[in-house]
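Open the model in your viewer and keep the selection panel at hand. The stops below go from charged pairs to the interface, then to the cavities and the backbone.

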Amino acid sequence: MNRRELLVRGLMAGTAIVMPTGLLARELSQTGMLRAPGAADPPYFGTETEGFLTAAERRALDAITARLIPGDADSPGAREAGVVTFIDRQLAGFYGRAQHWYMQGPFPEALETQGYQYDRTPAQLIRTGLEALGAHTRTTYQGADFADLTPEQQDEILHALEEGEILFPGMSSKGFFEFVHEMTIEGFFCDPVYGGNQGMVGWQLVGFPGARYDYRDFIHHNGARIDLPPVGLMGRPGWSAG
Amino acid sequence: MAERKPPVDVVLVGFGWTGAIMAQELTEAGLEVLALERGGWRDTPTDFPPSHAPDELRYYWRHQMFLETARETQTFRNSTGQVALPIRRWGSYLPGVGVGGAGVHWNGQTFRFLPSDFVARSHNEERYGPLPEDMTVQDYGVTYDELEPHFDRFEKLCGISGRAGNINGTLRDGGNPFEGWRSDEYPNPPMEMTFSQHRFEAAARGLGLNPFPGPSANMSRAYVNPLGLPLAPCTYCGFCEKYGCGNYSKSSPQTTIIPVLMKKPNFTLRTHSEVLHVNKSADGTRATGVTYVDTQGNEYEQPAEIVILCGYQLSNTRLMMLSGIGEIYNPGTGEGLVGKNYCYQVMTGVDVFFDEEYTNEFVGAGALGMIVDDYNGDNFDHTGLGFIGGAYIGCWTTNARPIESHPVPEGTPGWGAEWKAALQHNFLRHTSLSVHGASMAYRGNYLDLDPTYKDIYGRPLMRMTYDFTQNDRRLSEYITPIAEEIARNMGGRDVHASSLDDHYDIVPYQTTHNTGGTIMGETPADSVVNRYLQSWDLHNLFVMGAGVFPQNAGYNPTDTVAALTYWSAQAIRDQYLRAPGPMVQA
């Protein structure tokens, strides 16, 4: 082994911990299509044994998401769909760490048209925002947490956040609201494998049949409702893949 | 120090649509071709089988198949006086990465540009007089007639489903009467239309317009392409754009070319190999090859007789800048050409809400739609309108994916019980019309290098300075009401048209049709590449992709990108290989 080979092996030893072999450079010639049926990557749905959120953070987020998509006796909402569990798993994983995003500074004041310009990852954004929200409600409502307030009071606060009317120290309350709202939508309508949309209640609400893959029999529906029970990536109750 | 690799005849930088077409054409000519792709290998059963593909969170919202901004992004601002900031998460557009590029996750809407689109300056000036001074529109340097056989070739490769409106000058009912002549019918019949398209078609006809089926790279029936590769009938699953097709029903490099290529002894693909710059000879007249780095951090020098940039428009333009080929455009002086004439697409839409009927838009496909082209390009008289170009108006049923689609009437709150009830009522009773407008080049919209932000290798990010223009606004204000009128005649309860934002916003998804930056033209004074997509500076360097469009037409770009690639490949095979040197004398 020459010095160069030694060097390359050393580099690979370092990266192998963080880099799956699928990310290594390959030379392919006369290989055909290299098909590997059954070797497909499963979706990443949260592999951390511990979640990211503390019990107090979970409680606050649960209360927020339950106002954004409220449930009632006939129609489950974000709480019943498990949206907080979804958010917790996402924040604990690569998404919460902004692992795939460009996060180098500087972070000067931005235009609205320039998008996400926070010097925080999604996990940090949610944590700092919840902390600021807690400080706000405890000051304004005699020591009460957001989750302790009435639905009307909660809605009032959420509207004020949405308009950026409540000032959070060092961050945009509007940005916090928008990010929580976006993740609530994701958690309500994602595949159940990710922890949200439990019982496919989000899909049932709107009539989306889920991860089906062939609608040829339904093209000529001519305006009549197509009513199909939803199917997730792992099947559905009574017709499960495993 | 970079390890020197054995020389090859041709090195391709990037391996999506244009890379795959070039590789196929040039290996057929007997050349030894190497493709360098910065992403990984991808194939249907491993990466997006039917059991995985319909996963909205993973593929769209978590960007499974898109370039990670952590590796490369652009900085963005609306105008020169502002500070550009990095696009940290993609929004408005979604650059691809990996084998097949964005050709894996496109919708498959496959239009030819109009004959007049290729001569946008001379045609419009002849008909309407001089263009505004700051509008930097120009002719392509190649004509529709020259490209026609190459459009035909790509459409047969892909098995495009559609109906011709003009075969060799003879108009045919049910096709687009405004299109350029075709030498042949589409290889497959149109897609099956659903309820929304039937309503659109009737409404458009009622207004005296000429609806026709949108040309589609989703298969209307089983098809075997000229390379012997089979494609399967589309199942209308509603997961096309932003997703790979698990069903072999959407034309992509994977389904139409790569299986043939991967058997050839004179083709090699290196994945996870990112080109850092093109190398030049000491006298600056030739490219000598490229320098690239793999994911283990090893650097290589790859000598080649011909270098062809086959990356996405944004990547190709930046690579030219980082390689010091040509001069970077300066809007103040008007000098420099690399980065000039950045254009996009001017999009508005009209929502239609039904009460009794259901649109069931989850039964959809990427290119399932009816189109009206009466107000595209120069298909109508622009006298006194104050703009050039136009838009198609389409009723596509591509999907009803619930994280992405929340059709609710105007005035509905953004969250809470009222929003939820409105979404429940309208989700399956909604359709939309899109107004897909041209984008004309202006002096103040351009690309250059950012002074502050760097990529993972410490090199400058590319900076985008872009906003909607006066031409965009007038175009949009003229054509959107026509779409609205069609929508009102579709029998719905409520109709709502959007308007162009005050400023272009990088956040909401609009379209991945970025163009310009390495524009083609008739002389080295007005273009980066000549009519054969050959660099004016380095005669053995060629640049593919929509970066060569001097301005963008009111259509999706892929068919024109592919036709230009075949056209360039033919010039390399028939002319350049015989006498390597500039194919157009400056």
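How many salt bridges does a search of the whole structure find over all chains? The search gives 43. The coordinates are those of a predicted model.

**Stop 1: a salt bridge inside chain B**

Select Arg153(B) and Glu25(B). These two residues form a salt bridge, and their closest N and O atoms are 2.9 Å apart. Now colour the two helices that carry them: Arg153(B) sits in α5 of chain B, residues 144-158, and Glu25(B) in α1 of chain B, residues 17-28. The pair links distant parts of the chain, 128 residues apart. Side chains of opposite charge can pair when their charged atoms come close.

**Stop 2: the interface of chain B and chain A**

Show both chains and select the residues in contact. On chain B there are 95 of them, and they meet 93 residues of chain A. About 7,800 Å² is buried between the two chains, with carbon and sulfur atoms giving 60% of that area. To see where chain B loses the most area to chain A, pick Arg62(B), Arg88(B) and Trp415(B), which together account for 12% of what that side buries.

Next, look for charged pairs between the chains. Three salt bridges cross this interface by the rule used. Polar contacts between chain B and chain A number 43 residue pairs, both residues being at pLDDT 80 or more.

Then turn to the secondary structure on the side of chain B that touches chain A. The elements giving two or more residues to that side include the helices α2 (44-47), α3 (56-61) and α8 (258-261) of chain B, and the strands β4 (74-77), β11 (267-270) and β19 (446-454) of chain B. Highlight α10(B), residues 417-426: α10(B) gives the most to that side, with five residues. Coloured by class, the chain B side divides into 47 nonpolar, 28 polar and 20 charged residues.

**Stop 3**

The structure holds six cavities of 30 Å³ or more.

For the largest cavity, with a volume of about 130 Å³, centre the view on Phe111(B), Arg112(B), Asn176(B), Glu179(B) and Arg182(B), which lie nearest its centre among 16 lining residues. That lining has nine nonpolar, two polar and five charged residues.

For the second largest cavity, of about 110 Å³, move to Ser116(B), Asp117(B), Ala120(B), Asn124(B) and Met440(B), the residues nearest its centre out of 14 in the lining. Here the lining has five nonpolar, seven polar and two charged residues.

**Stop 4: backbone details in chain A**

Most residues other than glycine have a negative phi, and most peptide bonds are trans. Two places in chain A are worth checking against this.

Select Gly105(A) and Pro106(A). The peptide bond from Gly105(A) to Pro106(A) is cis, with omega near 5 degrees. Pro106(A) belongs to the loop between α4 (83-92) and α5 (122-140) of chain A.

Finally, go to Gln142(A), in the loop between α5 and α6 (151-162) of chain A. Gln142(A) is not a glycine, but its phi is positive, near 50 degrees.

Terms used:
Residues numbered from 1 in each chain as written. Chains lettered and ligands numbered in written order. Predicted model: local features only at pLDDT ≥ 70, side-chain atom pairs only at ≥ 80, totals over all residues. Heavy atoms only, no water. 1 Å grid on protein atoms, 1.4 Å probe; cavity = no way out; pocket = protein on both sides within 12 Å on 5 of 7 lines; lining within 4 Å. Points joined across faces, edges and corners; volume = space filled by probe spheres on them. Nonpolar A, V, L, I, M, F, W, Y, C, P; charged D, E, K, R; others polar. Contact = heavy atoms within 4.5 Å. Buried area = accessible area lost by both parts, 1.4 Å probe. Salt bridge = Lys/Arg side-chain N within 4 Å of Asp/Glu carboxyl O. Polar contact = N/O pair within 3.5 Å; in protein donor to acceptor, adjacent residues only side chain to side chain. Helix = DSSP H or I, 4+ residues; strand = E, 2+ residues; numbered from the N terminus.
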